[in-house]
Amino acid sequence: MAKHKRPIIKHDNIIVFPGAAQKLIKEGHHYAEEYQYEKAVECFEKAFLYEEGDETALSAYAYALYELKEYEKAKAVCAQLLAMGTSLYVEVMELYITVSMQLKEYHQVEALIDALIEENALPPAQLEKFERLKDLNIEVAKNLQQKEDTQTLIEEQEYELARFCALEPNKQAMLLHRLMDSNIRQLKQELKEIIESENIHPFVQSLALILLVEQEVSIEVNVTKFAQTKTVNPSQLQLPTQLPQYAQVKEFVENKLEQDPTMLEMVQYLMAKHAIVTYPFEWLPFEADDIAYSYIDFVQSMLGKVQEMNYEIIDFLQMLEKLTELQDV
């Protein structure tokens with residue numbers, strides 16, 4: 001009588017012996033029960049490379065992800081389970097809602113629970129639990145909104161011009177840095193006043209302008225620095241290292257220092273810093289090739305090499321270097 005052979009699975013040319021995936025899943029369950037969620041996730045993810053998980057394995061995987069605060073991944077696994085028509089519908093839906101609350105998707109959670117109740121998709125014994133979840137969701141969303149409103153009020157006061165000007169330039173820069181990952185449109189008027197103020201450090205002016213440029217905020221701003229004035233609209237501006245003269249100087253420097261990567265890195269570092277200070281004016285009225293050679297001379301002088309230099313440009317570069325350190329103008 002012929003023996004039945006179990007198929008050998010190959011994954012990326014690696015032979016996976018029969019039962020390996022099931023062994024990993026069993027280990028994943030064991031680690032999850034022992035609250036060792038990182039090891040559990042590692043086992044499940046290795047197993048799922050070789051075969052699709054069943055609802056028991058996927059649900060344990062989702063809970064482990066939730067415990068590790070991997071909310072996006074946990075939500076995706078829950079959605080996969082729900083699409084499969086899992087027999088663990090209520091448990092998975094509860095986790096899905098809990099994860100969505102952690103992701104601050106409060107409106108979606110409320111709409112989902114309302115739909116579940118209206119469509120009688122929940123067993124009667126579970127209705128009270130989901131209604132409590134809905135009430136909790138509403139309360140959390142309300143508290144978060146209050147905190148956000150309070151934070152907005154604080155921020156608007158912090159960036160009010162008179163209060164902002166009372167701070168040292170380095171503190172001003174730190175306040176602006178805090179806004180990098182925020183929606184700054186509600187502060188666009190305050191940022192405009194900061195940029196236009198004659199009492200604001202040129203480097204800080206540039207940082208405020210860059211915030212508006214990065215979020216393409218449309219507002220007219222009058223920028224004055226280095227005896228030049230220009231009206232710009234941040235929504236139409238390029239960032240400092242994307243401006244035309246910067247590209248020309250960069251090309252000159254790269255060609256000249258092609259065989260000296262260390263010197264090239266030092267020059268490029270200075271250029272990027274200085275481009276922020278001069279923004280949006282660049283190094284005008286100097287020519288791009290003169291600026292490039294002067295940067296090379298400037299770095300060589302910093303390294304103790306004395307040579308002939310264009311002292312007018314070198315003096316300008318030295319001034320820019322001091323300004324990047326947020327010293328007084």
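Q: Which residues do ring pairs link into a cluster?
A: This is a predicted model, where local features need pLDDT of at least 70, side-chain atom pairs count only at pLDDT 80 or more, and totals for chains, interfaces and linings use all residues. Residues are numbered from 1 along each chain as its sequence is written, and side-chain values use heavy atoms, with hydrogens and water left out. Rings of Phe, Tyr and Trp (its six-membered ring) pair if their centres lie within 6.5 Å, and count as stacked with planes under 30 degrees apart, edge-to-face over 60 and tilted for the rest. The cluster that ring pairs link together consists of Phe44, Phe48 and Tyr61.

Q: What kind of aromatic pair do phenylalanine 48 and tyrosine 61 form?
A: The structure holds 10 aromatic pairs. In the pair of phenylalanine 48 and tyrosine 61, the centres are 5.4 Å apart and the planes are at 70°. The kind is edge-to-face.

Q: How many residues apart are phenylalanine 48 and tyrosine 61?
A: Helices (H or I, at least four residues) and strands (E, at least two) are DSSP runs, numbered from the N terminus. Phenylalanine 48 belongs to helix 2 (residues 37–50) and tyrosine 61 to helix 3 (residues 55–67). The pair links distant parts of the chain, and the separation is 13 residues.

Q: Is tyrosine 61 buried or exposed?
A: Buried means under 20% relative accessible area, exposed over 50% and partly exposed in between (1.4 Å probe, protein chains only). Phenylalanine 48, at 21% relative accessibility, is partly exposed. Tyrosine 61 has 9% relative accessibility, and therefore counts as buried.

Q: What makes the pair of phenylalanine 226 and phenylalanine 316 edge-to-face?
A: A pair of aromatic rings is described by the distance of the centres and the angle of the planes. For phenylalanine 226 and phenylalanine 316, the pair is edge-to-face because the centres are 6.0 Å apart and the planes at 75°.

Q: Which parts does the pair of phenylalanine 226 and phenylalanine 316 tie together?
A: Phenylalanine 226 is partly exposed at 26% relative accessibility, while phenylalanine 316 is buried with a relative accessible area of 15%. The two positions are 90 residues apart in sequence. The parts tied together are the loop between strand 3 and strand 4, and helix 15.

Q: What phi does phenylalanine 226 take in the hairpin of strand 3 and strand 4?
A: Strands pair if DSSP finds at least two bridges between them. Strand 3 and strand 4 (residues 228–232) run antiparallel and are joined by five bridges, one of which makes threonine 231 the partner of asparagine 222. The hairpin has two residues between the strands, and phenylalanine 226 has a positive phi near 55°.

Q: Which residues form the covered face of strand 3?
A: Strand 3 covers residues 221–225. Asn222 and Thr224 form its uncovered face. The covered face is made up of Val221, Val223 and Lys225.

Q: Which residues of helix 12 are buried?
A: On the other side of helix 12, Pro244, Glu251 and Asn255 are exposed. What covers the buried residues includes helix 13 and helix 14. Those buried residues are Gln245, Tyr246, Val249 and Val253.

Q: How far apart are the end C-alpha atoms of helix 12?
A: The expected span of a helix is 1.5 Å times one less than its number of residues. Helix 12 has 13 residues, so it should span 18 Å. The distance between its end C-alpha atoms agrees with this, at 19 Å.

Q: What is omega of the cis peptide bond that joins tyrosine 279 and proline 280?
A: Most residues other than glycine have a negative phi, and most peptide bonds are trans. Proline 280 lies in the loop between helix 13 and helix 14. The cis bond from tyrosine 279 to proline 280 has an omega of about 5°.

Q: Where is lysine 104 found?
A: Lysine 104 is not a glycine, yet it has a positive phi of about 65°. It counts as exposed because its relative accessibility is 52%. Its place is the loop between helix 5 (89–102) and helix 6 (106–118).

Terms used:
Contact = heavy atoms within 4.5 Å.
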